[in-house]
Amino acid sequence: MFTKSIPNMCTLGNLFLGMVGIMLALDNKLSLAAIMIIIAMLLDGLDGRVARALNAQSELGKELDSLSDVISFGVAPALIMYISCFHDMHHALIWTVTAVFPMCGALRLARFNVQSGSPGYFIGLPIPAAGGVLATLSLFRDDISAPYMIIAMLLLSYLMVSTVRYPNFKKIGFPKKAMMYAPFVILAGVAVAVTFLDQLSKLIFLPLVLYAAYGVKENVRRLSRRRRRHREQSDKVFNDHSS
């Protein structure tokens, strides 16, 4: 029975870190708050793999994962961004932009739960990646002005509910023997993150942005290929009728 609960414990750990991130943001400890979101991403990637390794997958775990993700990668990053970049801008636009992000995240999760995606791909930017980008992006508040932050937040919101395909790395599993080392890996990650707080947070920003950009690039490439194929077929039909 305890073994079956391990994946849910990882998911609850994800939720706990999301709540800690919110409280740290309210205390204006923004770098540490961003790190909590990154560590929550680690736990989020772990729970599904642990469930598959232990054959402990369940509908309860699936729903719990979605509810936790809304908090950790929807509400928490949006609040971090609001406090770090928008807090002094008392305007309805800012409130709306801040609220739209977790709303799009919730729609993304709901769609994921009821629709089957393409094999090996996510449809729309996964909310953990979007939340990770947003949380770490907030650390560049001294280098990027608020209007650009707003554009970035809206773009991430759109990518979550879009039909852009992203590679799915969650299906990559690991053997049961490796699970005993997972807590030590997480603890080591926390220690490194706290020791190199600002540097690590900004460093993690780069691969997350590259992942988000990769899906857009591949989608544009697929659309271009499809249009070219359609144009070639149209030209072929036209030439057949002309001859």
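**Surface and overall make-up.** I looked up the accessible surface first, and for the protein it comes to about 13,600 Å², with 68% of it belonging to carbon and sulfur atoms; such areas come from the Shrake-Rupley method with a 1.4 Å probe, and for residues only the protein chains shown count as cover. I noted that this is a predicted model, in which local features need pLDDT of at least 70 and side-chain atom pairs count only at pLDDT 80 or more, while totals for chains, interfaces and linings use all residues. Residues are numbered from 1 along each chain as its sequence is written, and side-chain values use heavy atoms, with hydrogens and water left out.

I then listed the secondary structure, which comes to 8 helices and 2 strands, taken as DSSP runs numbered from the N terminus (helices are H or I of at least four residues, strands E of at least two). Along the sequence the pattern reads α-α-α-α-β-α-α-β-α-α. Among contacts (heavy atoms within 4.5 Å) between residues at least 6 apart in sequence, 84% join residues at least 24 apart.

**Interior.** Of the 243 residues, 46% are buried, where buried means under 20% relative accessible area, exposed over 50% and partly exposed in between, with a 1.4 Å probe and protein chains only. The largest nonpolar core has 60 residues, and Met81, Phe86, Phe101, Leu125 and Met153 have the most contacts inside it; such a core is a set of buried Ala, Val, Leu, Ile, Met, Phe, Trp, Tyr and Cys residues joined through side-chain atoms within 4.5 Å. Its largest share, 14 residues, comes from H2.

**An exposed residue.** Ile151 is found in helix H6, and I recorded it as exposed because its relative accessibility is 54%.

**Helices H4 and H5.** I found that H4 and H5 pack at an angle of about 160°, with their axes 10 Å apart; axes are lines fitted to C-alpha atoms, for helices over the stretch in contact, and angles run from 0 to 180 degrees between N-to-C directions. The two helices are therefore roughly antiparallel to each other, a label for angles over 145 degrees. From H4, Phe101, Gly105, Arg108 and Leu109 meet Ile127, Ala130, Gly131 and Leu134 of H5.

Conventions:
Parallel < 35°, antiparallel > 145°, perpendicular 65-115°, else oblique.
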